[in-house]
Amino acid sequence: MTAPLRGVRIADFTIHAAGPFCTQLLGQLGAECIKIESKTRPDAFRKPHAVYGRMTAATFDQVSVNKLSVRLNLKHPEAVVLAKRLVAISDITAESFRAGVMKRLGLGFEELCKVKSDVILLSLSSCGQSGPDSHFAGYAPLFGAWGGLGWMSGYSDGPPVEMRHVMDHSAGLHAAAATMAALHQRRLTGKAQHVDVAAREVASAMIGDALVLASLGIEPARPGNSHMSMAPHGVYPTREPDRWLTLAVRGDREWQALVRELEQPAAAVDSRFSTAEARVRHSAELDVLLAKWLANASADSMAERLQRAGVCAHVSWNTADIARDPHLRERGVTREVSGPDIPTRVAVGAPVRFSKTTDVGIRRLTPALGQDEDYVFGELLGLSSAQRADLERREVIL
Amino acid sequence: MINGLPLAGCRVVENSRSVAAAYAGRLLAAMGATVVMLEPKEGSPLRTAPPLVKDGGPSALFGFLAPNKRSLTCDLLSPEGQSVLAGVLENADILIDDTPVHDRAARKLDPEAIARYFPKLIHVSVLPFGASGPKADWDGEEVNLLHAGGEGFLLPNGLSHERFPDRPPLKIYGHFAQYQGGCMAAFSALSAWWSVAEAGGQYVDVSVQDAVLSVGAFALQRLGDGSLEHRSTRRFRYGGVFEAQDGFVELLTLEDRQWQALVELQDRPEWARDPALLDPLERSRRGDEINAHIREWMSRHHVDDIVHRAQQLGVPAAKYRTPADVINGEHERFRGLFAPLAINGNEQAEVMVAPFQFRATPLQVSQRLPELGEMNRELTR
């Protein structure tokens, strides 16, 4: 069967993590994504990333799977003309530069409307296309800091916590949903749309409830691992070092099941823990007890036992656990990939399962720089070999 | 239906108990879809989910999740309730449902029956571990799911971990995992709906765990590169969270020119003039030493002064803002990020309109919460 977004084409100018993740998602669902880069400004994964501790280029890059790669030196006016031709034959144009950069390149929304009257332009930036901070550059930890998510996350007696790639990718996921809405709108109205996603606003959505409180003058507390209506709730040590068990006990039935499985009959009748309210009130004592009760337990077998007894429990998994998990493998969200220079490894495949449009997931791996120019420049734009050689000589294609 | 909005004309039925399913409906409603929320007679549990705006008062979480939805109560275990369900599905494009797999048939929500009676419907299942696979019947709350998807184990990193190395891992605030699941559900619903003319209706199986793993894909990529990430080592070689005189600052320089600007920000101190530090790889190797210098410098300055000058110089730096900072933020006000919301009798709160904007057709600023069963009254009138 086909994929849900087959036939949708994207001119992809995105850089870094958030934007490429968005177009990767659309690509996993079947969109044809043409990645536009250049030798002088290659994608981040083609270079070492020393601050992350990666001292060489990546051989496999998740957010570029399925993408086609072409080179355009956007500092050259003729490259901008070619870029516009790609926009004209695409359904979606995606970019993640700082606000104003596309306009300076001659690729602003108004310009793009001239070559494609119903263009869908996705701009995914740190602070959005308008407002006093729109020129701010940033990365995931900064989005989290600006948006309030970093402040609200952390031990209640500690500093705020920096968000990592999940923040970039969450912004990309939200951008993908908004872009799909814009496509539907175009189908209905035939009109252009400029989707403006500010990653810091996605971070703010993640504290949407706390912002409602703040609007009423209430100062929301940083809860750490605790919960206002569930106890026990949190992450508990077990007999193996650094093998933690996560627990969330919703109500009395789950509480009784928990103490039964942990063989703690006295706790079952302890009035300090008889109702959810009482357990929350005594949650600090409960946390100490849980650590004691679990001190000789295996996290993995206890999680399975508790799940069978109807208690929400799961081991705090490291990435190796995820890579070998049969459930995730059966769902297709993880799969092995390999290539000529890529020894077998596990990657994220289909993020969702569809009953009919089942052809979703990874179709090909990381493209080499400019790998798809025969198809994109030759077939789609109709440039001859001589024209392309000339453009390369003059560093328009670079 | 609200004309002019991106999803005007899109009709959604949401049967939710979880934040994930409710957030999917929330995003679609914000973009103009008509979202009918099915609730039991006593109301959705989300109506009383913490945090509350006051003891025994309405839920701030529901205030965030439910704007612009409509409420229809029905008992899906009764024939009457099932006929109400059939009535709304008859006129729907998308169903979002988080009923556990084993409870579906009794409620006429099993995918086979739905596909038979509503062949054009996009039926989106949103469950903690998905609706298929060996763990499809596992249950999970936010804390379980964030850890099942791999991100929980990796938090906190940086300064928090340095200060409290022996504490258990720490979750992200609120419902981060479920928001990813909900957004994935909204995205995949719209994607399946995009192909409805060719493929017809279909069943879409969304798992919150899968969504967390998807947004956490970088850790899996690092594993393939030979590094098993851990919160103690997953830190920037230099940069991160810094404590200034009156608050916290995030600082991260990835590019050479940003490093140069950072040196400038600190008025070109002696240590930073070491020519060896012009090499980014060398800087990474000497990250701890660099951070110690930056920490010392930060501790002598005010947050606002630091971030103001940093932005002028092109150093990526941000204040760790409180919810009050965000809700009153000049930038957020300019962008119309929040809209009034009546939540507690006549008390006027504010709520985020949406985490995305559509510049050609701005989203609605009026936000209202559904009264329990408001549509039942209209139907019986």
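Visitor: How many bridges join strand E2 (residues 34–39) of chain B to E3(B)?
Guide: This is a predicted model, in which local features need pLDDT of at least 70 and side-chain atom pairs count only at pLDDT 80 or more, while totals for chains, interfaces and linings use all residues. Residues are numbered from 1 along each chain as its sequence is written, chains are lettered from A and ligands numbered from 1 in the order in which they are written, and side-chain values use heavy atoms, without hydrogens and water. Strands are DSSP runs (E, at least two residues) and helices likewise (H or I, at least four), numbered from the N terminus, and two strands pair if DSSP finds at least two bridges between them. E2(B) and E3(B) run parallel, and the number of bridges joining them is 5.

Visitor: Which residue in E3(B) is the bridge partner of Val36(B)?
Guide: E2(B), residues 34–39, is joined by bridges to E3(B). In E3(B), the partner of Val36(B) is Arg70(B).

Visitor: Which strands stand at the edges of the open sheet of 7 strands?
Guide: The order is E12(A)-E6(B)-E5(B)-E4(B)-E1(B)-E2(B)-E3(B), with mixed pairing. Each edge strand has a single partner strand, so one side of each is left without a neighbour in the sheet; these strands are E12 (353–354) of chain A and E3 (69–73) of chain B.

Visitor: Are H7(A) and H7(B) roughly parallel or roughly antiparallel?
Guide: Helix H7 (residues 165–189) of chain A packs against helix H7 (residues 176–194) of chain B at about 25 degrees, with axes 9 Å apart. Axes are lines fitted to C-alpha atoms, for helices over the stretch in contact, and angles run from 0 to 180 degrees between N-to-C directions. Angles under 35 degrees count as roughly parallel, over 145 as roughly antiparallel, 65 to 115 as roughly perpendicular and the rest as oblique. H7(A) and H7(B) are therefore roughly parallel.
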